[in-house]
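Morning, everyone. Please bring up the model on your screens, and I'll walk through it.

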Amino acid sequence: YRSLLTPGLRASFTPQAFASGYGTTSDSGATLRAVRGAAAGELVAAITFTSHQSPADSPVHASCTAWRIVMYLVPQRAGYQITRPPASYHAAYRRCG
């Protein structure tokens with residue numbers, strides 16, 4: 001949690017909220033689809049994956065959800081951390097099948 005998220009994102013996404021939102025989730029089949037540069041050394045990464053979770057924790061109320069997301073990354077030490085996406089960003093998801 002601490003190594004993945006920028007301090008600003010951690011401040012608004014507490015460990016309790018993180019655990020509550022992802023506590024029943026197990027991800028598989030993660031595939032990096034594209035990476036491109038953005039402003040100030042940032043990167044934007046397009047990723048697809050499948051999540052398995054309690055249906056109550058899924059936006060489509062299913063035990064299996066297929067995702068297409070974009071992660072916004074900022075340089076941090078020898079790597080990158082996830083930062084807040086633009087307000088207009090919305091992940092794409094659907095029931096598996």
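Strand E3 gives the most to the lining of the largest pocket: five residues. Keep in mind that this is a predicted model. Which other elements supply at least two residues of that lining? Helix H2, residues 15-22, does, and so do strand E1, residues 26-37, and strands E2 and E4.

Now the pocket itself. Its space comes to about 970 Å³. The lining has 29 residues. By class, 20 of them are nonpolar, six are polar and three are charged. Who lies nearest the centre? Phe13, Tyr22, Phe49, Ile69 and Met71 do.

Hold on to Phe49 and Ile69. Both also belong to the largest nonpolar core. That core has nine residues.

What does Ala45 touch, leaving aside residues up to four places away in sequence? The list is Leu32, Ala34, Val35, Ile69, Val70, Met71 and Leu73.

On to the rings. How many aromatic pairs does the structure hold? Three. Start with Phe49 and Trp67. Their ring centres are 6.0 Å apart and their planes sit at 10°, so this pair is stacked. Phe49 is in strand E2 and Trp67 in strand E3, 18 residues apart, so the pair links distant parts of the chain. Are these two buried or exposed? Phe49 has a relative accessible area of 15%, so it is buried. Trp67 is at 18%, and it counts as buried as well.

Next, Tyr72 and Tyr89. This pair is edge-to-face, with 5.8 Å from centre to centre and 75° between the planes. Again, distant parts of the chain are linked. Tyr72 sits in strand E3, while Tyr89 sits in the loop between strand E4, 79-83, and strand E5, 92-95. They are 17 residues apart. The cut-off for buried is under 20% relative accessible area. Tyr72 is at 17%, so it is buried. Tyr89 is at 21%, so it counts as partly exposed.

Last item: the cluster. Ring pairs link Phe49, Trp67 and Tyr93 into one.

Key. Residues are numbered from 1 along each chain as its sequence is written. This is a predicted model: local features need pLDDT of at least 70, side-chain atom pairs count only at pLDDT 80 or more; totals for chains, interfaces and linings use all residues. Side-chain values use heavy atoms; hydrogens and water are left out. A nonpolar core is a set of buried Ala, Val, Leu, Ile, Met, Phe, Trp, Tyr and Cys residues joined through side-chain atoms within 4.5 Å. Buried means under 20% relative accessible area, exposed over 50%, partly exposed in between (1.4 Å probe, protein chains only). Contact means heavy atoms within 4.5 Å. Rings of Phe, Tyr and Trp (its six-membered ring) pair if their centres lie within 6.5 Å; planes under 30 degrees apart count as stacked, over 60 as edge-to-face and the rest as tilted. Helices (H or I, at least four residues) and strands (E, at least two) are DSSP runs, numbered from the N terminus. On a 1 Å grid over the protein atoms alone, a cavity is a set of points where a 1.4 Å probe fits but cannot get out, and a pocket is an open set with protein on both sides within 12 Å along at least five of seven lines; lining residues have an atom within 4 Å of a point. Grid points are joined across faces, edges and corners, and a volume is the space filled by probe spheres set on the points. Ala, Val, Leu, Ile, Met, Phe, Trp, Tyr, Cys and Pro count as nonpolar, Asp, Glu, Lys and Arg as charged, and the others, Gly among them, as polar.
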